[in-house]
Amino acid sequence: MPESTETPQSLAELAADGERTGGVPIELIDVVKRFSGTKGAAVDDLTMTIPAGEIVVLLGPSGCGKTTTMRMINRLIEPTSGRILIGGLDARAQKPDELRRHIGYVIQQAGLFPHLTVGSNIAQVPQMLGWEKDRISARVDELLELVGLAPDEFRDRYPRQLSGGQQQRVGVARALAADPPVMLMDEPFGALDPITRENLQDELLRLQDELSKTIVFVTHDVDEALKLGDRIAILGTGSKIVQYATAEEILTNPADSYVEQFIGGESAMKLLKLTRVSDVALEQAVRATEADSAADVRRKLEEAESDWVIVLDAQDRPLRWESLADLEGATGTIGDLTAGEDDLFDTVISGRATLQEAVEALLNAEAEVVPVVGRRRRYVGAVTLSTVQQAIAEIKERERRQRKQRAAEAQPGVAV
Ligand SMILES: Nc1ncnc2c1ncn2[C@@H]1O[C@H](COP(=O)(O)OP(=O)(O)O)[C@@H](O)[C@H]1O
Ligand SMILES: [Mg+2]
């Protein structure tokens, strides 16, 4: 083990520094790649910073230079000129094969060795790093768990005995084997059916919540980019950056017509897909329990100028709505009221749902308002179509303010 007081000289030392390795930043500085015998550069003077612990998506049409860019980071391709710093260290100063042991790499169709078992595939890098046998097998099982595959069931299978989605999970496990600070993912889910693809995207986000790696993710799929990217670099020919920004910013303020065309229409619908119900200001309905007196609740409703009360059980889980009309003249408790026809609901949505799912729930439930639940189905608020509309308006307004501020910072002295 290296002395922790010394500045790490290699990614290996950097990765061995902590118990668990978070991400490190990657900097590309004036990077050019010309393949011999070709006109024009595949990567034409690219400068970009990829912050530590973020998922940065390279999004661009086929042939624009995404794969070349990515493969220069782990030195599968050598740049013609320019510099690449990983965690502040010059990639050229590292031995390529050592560098690659500390940069996870996931490609389409996983690229697993067909003649090796799942376990042996995952164990490749730890074996090269000379880990003890016991440590390797413990790590293999831990990683299989992490990517949602039961170790006993999958460790001894061969890749051909797995579905495409399962192979891709193994590919991710293999890339994470030596706990690298950086993961490069080149269209990893491109060959999967839409449902499996969505599942693996969700899994990747869940994993990233836990691991905080620096992930460079290449795709030409706009929806995938918007969903996964903390930041998205939209690239043109020669990996020219046309816009490098958050999904929200790209949707609300595309840099030019190329970006507009690339992301396609329906930007408001796309914002709905990006935004979680828990991220927006919810309606706060008047609450009651079965034991509350109807008269008290009626007074509360009148004070709140509201027509509906949500009835919760002892664990704050929503049971039903009662209307002001139902409470009219009632003398006993809320529990004494006979259920009216529109009181019961079977639709509640989770705070983790997207606004798009909320709109779907509202339209399908034919309800004007749907309760939102958090952990253990506890009621946290309610959502209506106007909640959603408001949220989108606020996102647009926030982006507009930030744009103004950035413009002001770029041009000091100019009043905006
Ligand atoms: N080994 C190579 N030799 C010559 N040209 C190449 C080589 N690899 C890629 N290219 C060219 O470089 C450009 C960028 O390719 P690539 O990085 O694979 O694009 P993307 O991943 O965005 O589809 C393309 O025009 C491609 O034909
Ligand atoms: Mg490619």
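# Briefing: a buried threonine and its surroundings

Thr68 counts as buried, since its relative accessibility is 11%; here buried means under 20% relative accessible area, exposed over 50%, and partly exposed in between, with a 1.4 Å probe and protein chains only. This is a predicted model, in which local features need pLDDT of at least 70 and side-chain atom pairs count only at pLDDT 80 or more, while totals for chains, interfaces and linings use all residues. Residues are numbered from 1 along each chain as its sequence is written, chains are lettered from A and ligands numbered from 1 in the order in which they are written, and side-chain values use heavy atoms, with hydrogens and water left out.

**Around Thr68**
- Thr68 belongs to helix α2, which covers residues 66-73; helices (H or I, at least four residues) and strands (E, at least two) are DSSP runs numbered from the N terminus.
- Setting aside residues up to four places away in sequence, Thr68 touches Lys33, Phe35, Ala42, Val43 and Ile77, where contact means heavy atoms within 4.5 Å.

**The whole protein**
- The protein has 16 helices and 16 strands.
- Its C-alpha trace spans about 85 × 60 × 45 Å along the principal axes.
- Of its 416 residues, 46% count as buried.
- Among contacts with a separation of 6 or more, 64% come from residues 24 or more positions apart.

**The annotated domain**
- UniProt, in an unreviewed entry, places the feature "domain: ABC transporter" at residues 26-263; its positions are given in the numbering used here, feature names are shortened, and annotations may be inferred rather than shown by experiment.

**Pro114 in its loop**
- Pro114 sits in the loop between β6 (103-107) and α4 (118-128).
- With a relative accessible area of 57%, Pro114 is exposed.
- Leaving aside neighbours within four places in sequence, Pro114 is in contact with Tyr158 and Pro159.
- Pro114 and Arg160 are 46 residues apart in sequence, and their C-alpha atoms are 6.9 Å apart in space.

**Helices α15 and α16**
- Two packed helices are described by the angle between their axes and the distance between the axes.
- The axes of α15 (residues 355-365) and α16 (residues 385-410) come within 10 Å and cross at roughly 155°; axes are lines fitted to C-alpha atoms, for helices over the stretch in contact, and angles run from 0 to 180 degrees between N-to-C directions.
- That angle makes α15 roughly antiparallel to α16 (under 35 degrees is roughly parallel, over 145 roughly antiparallel, 65 to 115 roughly perpendicular, and the rest oblique).
- The contact is made by Leu355, Val359 and Leu362 of α15 together with Leu385, Val388, Ala391 and Ile392 of α16.
- By class, this contact of α15 with α16 has 7 nonpolar, no polar and no charged residues (Ala, Val, Leu, Ile, Met, Phe, Trp, Tyr, Cys and Pro count as nonpolar, Asp, Glu, Lys and Arg as charged, and the others, Gly among them, as polar).

**Positive phi angles**
- Most residues other than glycine have a negative phi.
- Glu187 is not a glycine, yet has a positive phi of about 45°.
- Glu187 lies in the loop between β7 (182-186) and α8 (194-211), and at 15% relative accessibility Glu187 counts as buried.
- Arg376, also not a glycine, has a positive phi of about 55°.
- Arg376 lies in the loop between β15 (369-373) and β16 (379-384), and at 70% relative accessibility Arg376 counts as exposed.
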